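Please consult the sequence and the structure shown here.

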Amino acid sequence: LDFGGDEVEVEVNDSLMRFFDHCAKFVVLVEENDTAMGQVNAFKEGPEMKKVLEKVASALCLPVEELNADLVQVAFLTCSYELAIKNVTSPWCSLFSEEDAKVLEYLNDLKQYWKRGYGYDINSRSSCILFQDIFQHLDEAVEESKSSKPISSPLIVQVGHAETLQPLLALMGYFKDKEPLLATNFARQAQRKFRSGRIVPYAANLVFVLYHCDHVNASQEEYQVQLLLNEKLLPFLHSNETISTYTDLKDYYKDILENCHFKEECELPQVNATAVDEL
């Protein structure tokens, strides 16, 4: 990569940025386990989706038996992709009302919830390797600053996917609803926090900003942190403020930083147990 004339070497580290591929427990019990997406499949057959299917079939003059939730979702995604990327309204968009869009949004959120979010603990626990790596870099910057050394890595850019970011945000506790997303509670989840299209849209990004503050009242206030998600300040869960001392932030996530070990978290259980029991 070229940044202002300076060549920057890029290191590919899939074990860090594609941790989900390297976590056997996730791969076997979630990714490759057909029953893990039970809530998603149930919603595809539920009353809300059936209503959308009937409406789309009628608009296309097709027997409803020739359509299924997956085909309707492809049409909806075609509409949304063209709108987002090209800013044009695809003819496919005319098939859907706002209420239909809410149903299809919920279908996608169900998938993200059960595959990348709070549905199973391993979804987020597998990301602790990345979370700890971020704090190792912050620790290094703090130690260098305390020693009056130049900061060796003032900017660290790590590039992944929505599938990298969504589990990390779940590990941190963001966008968690009191009630899990289920096939049967579409109406009750109308005001849900977990909306994957807003959490990890195109070019989604999470930024940790570390500040060294002079003229503070106490030594623990010398280093402070802000979080930005998609260029907007994200309040910290332990204070609901948009700035935190680095000490307080580390204290809040102490258990994840000290006790979440990727190898142990991702080991497959040795005993015969169902995916639900284990997850």
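Q: Is His215 buried or exposed?
A: This is a predicted model, in which local features need pLDDT of at least 70, side-chain atom pairs count only at pLDDT 80 or more, and totals for chains, interfaces and linings use all residues. Residues are numbered from 1 along each chain as its sequence is written, and side-chain values use heavy atoms, with hydrogens and water left out. Relative accessible area, taken with a 1.4 Å probe on protein chains only, defines buried as under 20%, exposed as over 50% and partly exposed as in between. Because the relative accessible area of His215 is 84%, this residue is exposed.

Q: Where is His215 placed, and what is its phi?
A: Helices (H or I, at least four residues) and strands (E, at least two) are DSSP runs, numbered from the N terminus. His215 belongs to the loop between E3 and strand E4 (223-229). His215 is a residue other than glycine with a positive phi, near 55°.

Q: Which loop holds Asn87, and what is the phi of this residue?
A: Asn87 is found in the loop between helix H5 (69-86) and helix H6 (98-115). Asn87 is exposed, since its relative accessible area is 64%. The phi of Asn87 is positive although the residue is not glycine, with a value near 60°.

Q: How many helices and strands are there in the protein?
A: The C-alpha trace spans about 75 × 50 × 40 Å along its principal axes. Of the 279 residues, 40% count as buried. The protein has 14 helices and 6 strands.

Q: Among contacts between residues at least 6 apart in sequence, what percentage join residues at least 24 apart?
A: A contact means heavy atoms within 4.5 Å. Among contacts between residues at least 6 apart in sequence, the share that joins residues at least 24 apart is 65%.

Q: Which residues does Val209 contact, leaving aside its neighbours within four places in sequence?
A: Val209 lies in strand E3 (residues 206-212). Its relative accessibility is 24%, so Val209 counts as partly exposed. Its C-alpha atom and that of Leu67, 142 residues apart along the chain, are separated by 48 Å. With neighbours within four places in sequence left aside, Val209 is in contact with Gln224, Val225, Gln226 and Leu228.

Q: Which residues does Glu241 touch, not counting those up to four places away in sequence?
A: Glu241 sits in the loop between strand E5 (232-233) and strand E6 (244-245). With a relative accessible area of 46%, Glu241 is partly exposed. Not counting residues up to four places away in sequence, Glu241 touches Leu234, Pro235 and Phe236.

Q: What geometry does the aromatic pair of Phe135 and Phe208 have?
A: Rings of Phe, Tyr and Trp (its six-membered ring) pair if their centres lie within 6.5 Å, and planes under 30 degrees apart count as stacked, over 60 as edge-to-face and the rest as tilted. The structure holds 15 aromatic pairs. With 6.1 Å centre to centre and 75° between the planes, the pair of Phe135 and Phe208 is edge-to-face.

Q: Which parts of the chain does the pair of Phe135 and Phe208 link?
A: Both Phe135 and Phe208 are buried. The two residues are 73 apart, and their pair links distant parts of the chain: Phe135 in helix H8 and Phe208 in strand E3.

Q: Why is the pair of Phe135 and Tyr246 stacked?
A: The ring centres of Phe135 and Tyr246 are 6.1 Å apart and their planes stand at 10°, so the pair is stacked. Because Phe135 lies in helix H8 and Tyr246 in helix H11 (residues 246-252), the pair ties together parts that are 111 residues apart in sequence. Phe135 is buried, with a relative accessible area of 2%, and Tyr246 counts as buried at 6%. The plane angle behind the stacked class is 10°.

Q: Which residues do ring pairs link into a cluster with Phe135?
A: Phe135 takes part in a cluster made by ring pairs.
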